Amino acid sequence: MRSSHQKFKASHLASHSYIYDLSAIALLLLPLTLSNAIAVLLGHTFNQLDYAAASNLFFHLSNLLINIYPLSFCVIAGYYLSHKTTFSSASFIIYSVTLFYLLSIESGSLSASFNFPNNPLLALLSASITYLYCYRFNLQQLEPQSLDFSSRLFKHVFHFFLFTSSALFLSKIMAKLVTYFTALIGSMNADPLTFSGGIVYQTILGLLGAIGINGHNMLFTIKQTIYADTQQNMADWAAGEASLNIINQGFYDAFLSMGGSGNTISLLLCILLFSKEKNHIMLALTALPLVMFNINEVLLFGLPIIFNPLLIVPFVALPIISFLMTYLAIFSGIISPVTNIVDWMTPPLFSGYIAMGDNIEGTLLQLVIIITGIFVYRPFYLAFAGKYALHNKSSITNASVEKSIFQHLLTNVRTSAASSLVHSSAQKRLSQMLHKDGFVMYYQLLQPIVKKDAISFEALLRYQDSAGNICPPTFISDFQLLKMMPTLDKLVIDKVLADMQKMPLSQNQRIAINISVASIEEEGFAEHLISRLEYFSIPPQWLEIEITEEAILNNSDNLLNTLEILRSYGIKIAMDDFGTGYASFPHLLKYPFDKIKLDRSLLLDATTPKGKQLYQLITKMGHIAECDVVAEGIETEEEFKFVVDCGVDKIQGFLISRPMPLSDVQKLLKLQDRIQS
Ligand code: C2E
Ligand code: MG
Ligand code: MG
């Protein structure tokens, strides 16, 4: 039962990560997609204005951009995925592009005009295979200055040779598969210009779109045939030699992909009309200028629609419903057949008008389809939005932290090379760690001097690497560098609260969590913590938070407010690392602390009489401010004796206990419970 649950969780995370990866890649490619859209738009504008030379120039530019798209896709996917490995981005891209070329050449997927690889699906496949290869063999960077350069070089030559040879083998198999499937599709005799063939074609387009693949690119050869047949039929019709076919290129473009595949204009309107989710409304407004020209990547990857079990249903079904509506309207003679091929970027309502030969009937039919679509999307969207809201309130997962790291990667693409290099390696380290899901909490005992049973534990973050070693939290500086401490703190809060559910804690025992400066000052932190306590059903009286001194240097009202809210719930507040900063004393009076923790550095200074007196004095001051005083970092019997003589209330340090895993905490608490009863 447990393992099947874990398997489900793993596959859920994997698909979540796939969606996120695709969205990130699509976003990085957006400048190219949009430049192409602008070129097409200008091409048409100049054409209308009868500037043939300018118009041709922009159409040529668009053609170039379309040709460059699959290769750019491969490079960007490679660049992006390389950040999830220890391999250098440049080498990763060389591997991906080599594989992409081999697969494209062998399967004949090269564009007619420039001989460029023309299949984005193969581009994605190449980058993904490279990722699996680098991950499996743990390929490292090749650094010219490293001491073992020659042995590394030998390893790299071996790997590149092995990779390209396997790639060639793979491309041969691929070519056989492509031939087989082309023959299979041909033998199915599903002509997309017939009613049944059209339904099959449209369903395949929808299903491909639902997993993030642009069906129009994928089924490009079929599309070319539809286009040629349509032109032939229209020419015959104009010459009076044939009647117009009901289904043709204009039929598909004007009525079945308004606002992009899946008639997403209806979904966009549905969100604007019925959504209560601020994020979704913002997304819809951002996507609007593109959706007007039938470009829906922002919605497709932003919501997302792809791999989304709820939204896929209307996304696939609506174009089929629209197919039936358009077909029936023409077949029954309510409106006349489509007489023009419209450019796929022509905005909905206009496209219907042009497709029907400058006839308002087309616009009216589009309007009916769009309104129907809004109500087809509505129940599915509302169900999705309900789940989304719930998910937003629930747990922070490694995947979501990883996601925000890659959000930084996306913004960093634009920042300067030097700083982004430092950020980039921090991102690389963190995303690898998050991907392996190795974060665990360890707990260190705090022993009271008088009330022996009122023990508490400090939760300390650890990372368990793939060899099972437990590593100290040196990576915290990476989170600080990326300004992601609030995200890390939220992850830690969830981990600790989940652990606390398994701890047999009694009334006077507590668990302390370290919370960073940035989190405390963030608006809504207290509300977040309280809602998480409620979610995990943990009484707030069992919790304590430790704040480092620097946090308080900022002297903000927000901080005072947050601390007071937390205390009103019974959460205790400790000032951590007391004695390492500058502003300890005034703040002791200003803010409502329950506890101060004296840093080990104060103890190390207490070898001289002056140092000893200072330690004693600080302990007293803590008591005057009505705080409990904890001595941190006690390693020896002498230190122990000294701090007890100074009058501290609690002791923490390796002498008493090292940080331990949850299972040891459970044993210790049970033992404590038995001794008491
Ligand atoms: P801290 O909050 O002052 O935690 C106490 C640190 O002192 C821990 O180091 C602990 O292992 C170490 N320590 C305990 N007893 C002794 C001793 O007798 N001798 C010596 N030399 N050291 C002792 P750790 O776990 O490496 O953590 C270092 C710092 O990283 C923590 O200092 C805290 O500021 C931060 N940190 C750790 N876990 C978290 C976390 O979950 N969230 C946040 N925001 N920060 C964390
Ligand atoms: Mg601490
Ligand atoms: Mg400390």
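Are E458 and E546 buried or exposed?

Modeller: Both E458 and E546 are buried (under 20% relative accessible area; exposed is over 50% and partly exposed in between, with a 1.4 Å probe and protein chains only). The model is predicted, so local features need pLDDT of at least 70 and side-chain atom pairs pLDDT 80 or more, while totals for chains, interfaces and linings use all residues. Residues are numbered from 1 along each chain as written, chains are lettered from A and ligands numbered from 1 in written order, and side-chain values use heavy atoms without hydrogens or water.

E458 belongs to strand β2 (residues 456–464) and E546 to strand β5 (residues 543–548), so the pair ties together parts 88 residues apart in sequence. Strands (E, at least two residues) and helices (H or I, at least four) are DSSP runs numbered from the N terminus.

E458 and D576 are also among the closest of the 23 residues surrounding ligand 1, together with R462, E635 and F654; a residue counts if one of its heavy atoms lies within 4 Å. Strand β2 contributes the most to this shell, four residues. β1 (439–448), β2, α19 and β6 (572–578) each supply at least two.

Ligand 1 also has polar contacts (N or O pairs within 3.5 Å). One of its oxygen atoms is 2.8 Å from a polar side-chain atom of R462, and an oxygen atom of the ligand lies 2.8 Å from a polar backbone atom of F654. A nitrogen atom of ligand 1 is 3.0 Å from a side-chain N or O atom of D489. Of the 790 Å² of accessible area that ligand 1 has on its own, the protein covers 78% (Shrake-Rupley method, 1.4 Å probe).

In the largest nonpolar core, which has 73 residues, M500 and Y615 touch the most other members. Helix α19 (residues 485–500) gives the most to this core, eight residues. Such a core joins buried Ala, Val, Leu, Ile, Met, Phe, Trp, Tyr and Cys residues through side-chain atoms within 4.5 Å.

Key. Polar contact = N/O pair within 3.5 Å; in protein donor to acceptor, adjacent residues only side chain to side chain.
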